[in-house]
Amino acid sequence: MSVSENGKRTPQEIPLLDTSLIQKIEIWGREEWTVEKNRDEVYLNFYIPIVFDANKAFGLNVCTDETGGYIDLYLNWYPQSEKIELVLCCIAQDTSEAYNVKLDAEQADALHSALPELCKIAYGYTPRELWENAVKEGFIDEN
């Protein structure tokens, strides 16, 4: 983690080295999606199971027998801005770090295009429909 100008800890950035990862991303219906909030915006958070070589995709050496580490990956979807971000959490024996995954424009577009179908397969709804249902059910206050 790094420290921002206002003194708050912010995740470091890590690049997505293997663009083919986007075609390998899955969302499983048994993994719940959540409504989260940062300082400025409410968003949907999806757990992305690691069904690919995460070390290769992100240039890491975390998921090995020697380190005993693992990686959690989350996708955040911001409905107001249509922004998508990936957050990678590396957990190892003596440390845990969070990273914002830096996506280039092509990677971001591919992920943005894939998300509705991934959600539909997992939950039966697109992210927009999940959002609208959560608003109707009172889980999200848009005011």
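User: Which residue of E8 is the bridge partner of Leu 88?

Analyst: This is a predicted model, in which local features need pLDDT of at least 70 and side-chain atom pairs count only at pLDDT 80 or more, while totals for chains, interfaces and linings use all residues. Residues are numbered from 1 along each chain as its sequence is written, and side-chain values use heavy atoms, with hydrogens and water left out. Strand E7 (residues 83–92) and strand E8 (residues 95–102) pair in the antiparallel sense over seven bridges, where helices (H or I, at least four residues) and strands (E, at least two) are DSSP runs numbered from the N terminus and two strands pair if DSSP finds at least two bridges between them. Within E8, the bridge partner of Leu 88 is Tyr 99.

User: By how many degrees are neighbouring strands of the six-stranded sheet turned against each other on average?

Analyst: The sheet is open, with mixed pairing and the strand order E3-E8-E7-E6-E5-E4. Its edge strands, each pairing on one side only, are E3 (12–15) and E4 (34–37).

User: What angle does the direction of H3 make with that of E7?

Analyst: H3 packs on the sheet and touches E5, E6, E7 and E8, a contact being heavy atoms within 4.5 Å. Axes are lines fitted to C-alpha atoms, for helices over the stretch in contact, and angles run from 0 to 180 degrees between N-to-C directions. On that basis the direction of H3 makes with that of E7 an angle of about 80 degrees.

User: Over how many bridges do E4 and E5 pair?

Analyst: E4 and E5 form a hairpin, with four residues between the two strands. In E5, Asn 45 is the bridge partner of Thr 34. The two strands pair in the antiparallel sense, and the number of bridges is four.

User: How are the buried residues of H4 placed around the helix axis, and what arc do they cover?

Analyst: The buried residues of H4 (residues 127–136) are Pro 127, Leu 130, Trp 131 and Ala 134, where buried means under 20% relative accessible area, exposed over 50%, and partly exposed in between (1.4 Å probe, protein chains only).

User: What covers the buried residues of H4, and at what angle does H4 run to E5?

Analyst: The cover of these buried residues includes E5 (42–48), E6 (70–78) and H3 (105–123). H4 itself lies across E5 and E6. Its direction runs to that of E5 at about 125 degrees.

User: How many residues apart in sequence are the parts tied together by the pair of Tyr 43 and Tyr 78?

Analyst: The whole structure holds three aromatic pairs, counted when ring centres of Phe, Tyr and Trp (its six-membered ring) lie within 6.5 Å, with planes under 30 degrees apart taken as stacked, over 60 as edge-to-face and the rest as tilted. Tyr 43 and Tyr 78 make a tilted pair, at 4.6 Å centre to centre and 35 degrees between the planes. Tyr 43 lies in E5 and Tyr 78 in E6, so the pair ties together parts whose separation in sequence is 35 residues.

User: Which helix holds Tyr 123, the ring partner of Phe 46?

Analyst: Tyr 43 and Tyr 78 are both buried. The rings of Phe 46 and Tyr 123 also form a tilted pair, because their planes stand at 35 degrees, with centres 6.1 Å apart. Phe 46 lies in E5, so the pair ties together parts that are 77 residues apart in sequence, and Tyr 123 lies in helix H3.

User: Is Glu 82 buried, partly exposed or exposed?

Analyst: Glu 82 is found in the loop between E6 and E7. Although it is not a glycine, Glu 82 has a positive phi of about 65 degrees. Its relative accessibility is 34%, so Glu 82 counts as partly exposed.

User: How far apart in space are Leu 17 and Leu 103?

Analyst: Leu 17 lies in the loop between E3 and H1 (21–24), and its relative accessibility of 53% makes Leu 17 exposed. Leaving aside neighbours within four places in sequence, Leu 17 is in contact with Lys 56, Ala 57, Phe 58 and Gly 59. Leu 17 and Leu 103 are 86 residues apart in sequence, and their distance in space, C-alpha to C-alpha, is 9.2 Å.
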